[in-house]
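Here is a short briefing on one protein chain. Look through the sequence and the model before reading on.

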Amino acid sequence: MARMAPGSGAANVWPLTQQKPLFSIFGDVEESIGVRLTDRCLMIPIKSVSGIFFPNADKFESCQLCQREHCQGRRAPYSEELVRKYEEA
Ligand code: SF4
């Protein structure tokens, strides 16, 4: 399974503002699980995590789309080719 989150590293491909449509899928998220979005699409409580998991045979990692140079959590090298592919899609 691969995973992606709005605004998490690969913000050029899936910007943080996409939290709103993602949350809208689940109705009243604050009522359901106690998580809400601020006007700037940040989640309260902090340390909450959003995103999607999806099957992927290519071992995709969102780090491949992230330009952050010094990240201790990096799971795969940055791929400019892959970024171009998703930006054109
Ligand atoms: S390199 Fe770091 S900041 Fe970027 S997507 Fe991966 S874990 Fe997140």
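Helices and strands are DSSP runs, numbered from the N terminus; a strand needs at least two residues and a helix at least four. By that rule, Arg3 sits in strand E1, residues 2–4. Keep in mind that this is a predicted model.

**Overall layout**

- The chain has three helices and four strands.
- In sequence order, these follow the pattern β-α-α-β-β-β-α.
- The C-alpha trace spans about 40 × 25 × 20 Å along its principal axes.
- The chain has 89 residues, and buried residues make up 10% of them.
- Take the contacts between residues at least 6 apart in sequence: 49% of these join residues at least 24 apart.

**Arg3 and its contacts**

- Which residues does Arg3 touch, leaving aside those up to four places away in sequence? They are Gly51, Ile52, Phe53 and Ser62.
- Gly51 is 48 residues from Arg3 in sequence, yet the C-alpha to C-alpha distance is 7.0 Å.
- Ile52 and Phe53, two of the residues that Arg3 touches, fall within the range of strand E4 (52–54).
- Is Arg3 buried, exposed or partly exposed? Arg3 counts as partly exposed because it has 15 C-beta neighbours inside 10 Å, while buried needs 20 or more and exposed means 12 or fewer.

**Around strand E3**

- Strand E3 covers residues 43–44, and a loop lies between E3 and strand E4 (52–54).
- Pro45 lies in that loop.
- The peptide bond from Ile44 to Pro45 is cis. Its omega is near 0°.
- Lys47 is also placed in the loop between E3 and E4.
- Cys41 belongs to another loop, the one between strand E2 (36–37) and E3.

**Two positive phi values**

- Cys41 is not a glycine, but its phi is positive, at about 70°.
- Lys47 has a positive phi as well, near 75°, and is likewise a residue other than glycine.
- How many other C-beta atoms lie within 10 Å of Cys41? There are 17, so Cys41 is partly exposed.
- Lys47 is exposed, because 5 other C-beta atoms lie within 10 Å and the limit for exposed is 12 or fewer.

Key:
Residues numbered from 1 in each chain as written. Predicted model: local features only at pLDDT ≥ 70, side-chain atom pairs only at ≥ 80, totals over all residues. Contact = placed C-beta atoms within 7 Å.
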